[in-house]
Amino acid sequence: MSSPDEQDPRISKISSAIRVIPNFPKPGIMFQDITTLLLDTKAFRDTIDLFVERYRGKDISVVAGIEARGFIFGPPIALAIGAKFVPMRKPNKLPGEVISEEYSLEYGTDKIEMHVGAVQAGERSLIIDDLIATGGTLCAAIRLLERVGVHVVECACVIELPELKGRERLGDKPLFVLWPSLKGLFGLHYCFTIDLIATIGEKTRQPLRQQVLK
Amino acid sequence: MFAAENGLKGDPRLQAISDAIRVVPHFPKQGIMFQDITTLLLDHKAFKHTIDIFVDRYRDMDISVIAGVEARGFMFGPSIALAIGAKFVPLRKPKKLPGEVISEAYELEYGTDCLEMHVGAVPAGERVIVIDDLVATGGTLSAAIRLLERVGAQVVECACVIGLPEVKGQRRLNGKPLYILVEPREIDGCC
């Protein structure tokens, strides 16, 4: 990750436009709310521009977006780089014939689906979501696309929560994020309780991490 | 009101958009001819035409908010918002938005559902376009209009790619203008 000195000046505005909501959807989780970014027209424009600048001219023909917040960022990127947009959806939403990929949750499993025929073998694809946490959904999306012979060039997210090790879970698939979990203005680092770590299925016990940066 | 009757008669882009939409019979249940816009999203030119038509219409109407109905409204709304310099506000199913919300219930065939918006997303007086992929009975769009009006926003128009026969001939929904690009496609030999 580039140092703050090398960071694109647009990024700090983007990060400060993201709202943190404590204890959603459950206690201990600091939810990254991108809806406030969508209310800041310049910061939203900059977000899309940063992705478009990276992927334009790279022969990407597919932008796959994960339901539902991936549907907000994916289509503007797809339109700007001349690619198709492919929604990757929860079960039973897509009307046509689908292929599905299951993935693990804390308790049980979920599924992500894509229309048969939406993509062709050999196409080059991005996968977009607003945020990467554990990487479970992104991994399922990668598997789904690779099963039909698509080359996933990169996963792209606005935000990463590094403590949840999603980047490692992606393995050799590159991940590009605009912002790590360090919040700009007051440098608040996310507190993850042992409870939270247990709830995402991590078996390792990590000490309570709390760090306030200047 | 359909785009073809409102300045875009004969515009070849409308035909391209219509041709790119796929009909899936009997989804989600028997008798329903589902209008599938995912094939429109695969046709870069036709998808761009869709956005361009809405942008051309709303660019000079002093619109500050595009409100998109979950989830297919999210596929069209943000691109329009970005092009006209407006905010994008997602209108979501219950319990998806993390902050404080206001909710509006609406009727389904059996039972009710609910649409939610973040408190503070839209200040009073702002001019809003509500967008969704398709309008059928208008139940969801009506709930969206009520939600926005409750916070004092001014809904200028509702915009949809496809308008089903239930709204044909209706120029307004809840007193708000309705702007639709195309009629539903039919399948040859359909019953």
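**View 1. A lysine in a loop of chain B.** Lys95(B) sits in the loop between strand 4 (87-91) and strand 5 (101-107) of chain B; helices (H or I, at least four residues) and strands (E, at least two) are DSSP runs, numbered from the N terminus. This is a predicted model in which local features need pLDDT of at least 70 and side-chain atom pairs count only at pLDDT 80 or more, while totals for chains, interfaces and linings use all residues. Residues are numbered from 1 along each chain as its sequence is written, chains are lettered from A and ligands numbered from 1 in the order in which they are written, and side-chain values use heavy atoms, with hydrogens and water left out. Phi of Lys95(B) is near 70°, a positive value in a residue other than glycine. With a relative accessibility of 71%, Lys95(B) counts as exposed (buried is under 20% relative accessible area, exposed over 50%, partly exposed in between; 1.4 Å probe, protein chains only).

**View 2. An asparagine with positive phi in chain B.** Look for Asn174(B) in the loop between strand 9 (172-173) and strand 10 (176-182) of chain B. Its phi is positive, about 55°, although Asn174(B) is not a glycine. At 47% relative accessibility, Asn174(B) counts as partly exposed.

**View 3. Two cis peptide bonds in chain A.** Most residues other than glycine have a negative phi, and most peptide bonds are trans. Here, a cis bond joins Phe24(A) and Pro25(A), with omega about 0°; Pro25(A) belongs to the loop between strand 1 and strand 2 of chain A. Another cis bond joins Glu67(A) and Ala68(A), with omega about -5°, and Ala68(A) is in the loop between strand 3 (62-66) and helix 4 of chain A.

**View 4. Helix 5 of chain B.** Buried residues of this helix include Leu141(B), Ala144(B), Ile145(B) and Leu148(B). Just after helix 5 of chain B, Gly152(B) takes a positive phi of about 85°.

**View 5. Where chain A meets chain B.** In this view, 35 residues of chain A are in contact with 34 residues of chain B (contact means heavy atoms within 4.5 Å). The two chains bury about 2800 Å² between them, 70% of it on carbon and sulfur atoms; buried area is the accessible area (1.4 Å probe) that two parts lose on being put together, summed over both. In chain A, Leu39(A), Leu79(A) and Pro95(A) lose the most area to chain B, together 23% of what that side buries.
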